[in-house]
Amino acid sequence: MDVKNTPRYLYWLFCQFELITCSYLMEPWEKVLFYSFNLAMLGLLLYTTYVCVAFHASSAFQLLGSFLGTPRENALSVVK
């Protein structure tokens, strides 16, 4: 994709978004409320995804580490 056409492409995507959501029919104050709500929900979704993925990845690496640990480590942990 050409760098010159990037703003034009982003504008086209924004127009598509307005057509799909019918937000082109809204008044300006309604658009502000609509877009701010959508951005807030997107932000919460991204934050929650980041936290959950980090937690699950950490748990998976701990489980994998316990499977790949040396036998002496596992034997000592059983004795304790």
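Colleague: What is the relative accessible area of Cys22?

Modeller: Cys22 belongs to the partly exposed residues, a class that lies between buried (under 20% relative accessible area) and exposed (over 50%), with a 1.4 Å probe and protein chains only. Its place is in the loop between α1 and α2, and its phi is near 60°, a positive value in a residue other than glycine. The relative accessible area of Cys22 is 40%.

Colleague: Which atoms do the side-chain values use?

Modeller: This is a predicted model, in which local features need pLDDT of at least 70 and side-chain atom pairs count only at pLDDT 80 or more, whereas totals for chains, interfaces and linings use all residues. Residues are numbered from 1 along each chain as its sequence is written, hydrogens and water are left out, and the side-chain values use heavy atoms.

Colleague: How many helices does the protein chain have?

Modeller: Helices are DSSP runs of H or I with at least four residues and strands are runs of E with at least two, numbered from the N terminus. Read from that terminus, the elements run α-α-α. There are zero strands, and the number of helices is three.

Colleague: With which side chain does the side chain of Ser23 make a polar contact?

Modeller: Ser23 sits in the loop between α1 (6-21) and α2 (28-67), and it counts as buried because its relative accessible area is 0%. Leaving aside neighbours within four places in sequence, Ser23 is in contact (heavy atoms within 4.5 Å) with Glu18, Lys31, Phe34 and Tyr35. Its side chain makes a polar contact of 3.1 Å, meaning a pair of N or O atoms within 3.5 Å, one able to donate a hydrogen and the other to accept it, where residues adjacent in sequence count only if both atoms are side-chain atoms. The partner is the side chain of Tyr35.

Colleague: Is Glu18 buried or exposed?

Modeller: Glu18 lies in helix α1 and, not counting residues up to four places away in sequence, touches Ser23, Tyr24, Lys31 and Tyr35. Tyr24, in the loop between α1 and α2, is partly exposed at 43%, and its own contacts beyond four places in sequence are Glu18, Leu19 and Lys31. Because its relative accessibility is 13%, Glu18 counts as buried.

Colleague: At what angle do α1 and α2 pack?

Modeller: Phe14, Phe17, Glu18 and Thr21 in α1 meet Lys31, Phe34, Tyr35 and Asn38 in α2, and these contact residues divide into four nonpolar, two polar and two charged. The axes, lines fitted to C-alpha atoms over the stretch in contact, with angles from 0 to 180 degrees between N-to-C directions, are 14 Å apart. The angle between α1 and α2 is about 105°. That makes the two helices, by the range of 65 to 115 degrees, roughly perpendicular.

Note on methods
Parallel < 35°, antiparallel > 145°, perpendicular 65-115°, else oblique. Nonpolar A, V, L, I, M, F, W, Y, C, P; charged D, E, K, R; others polar.
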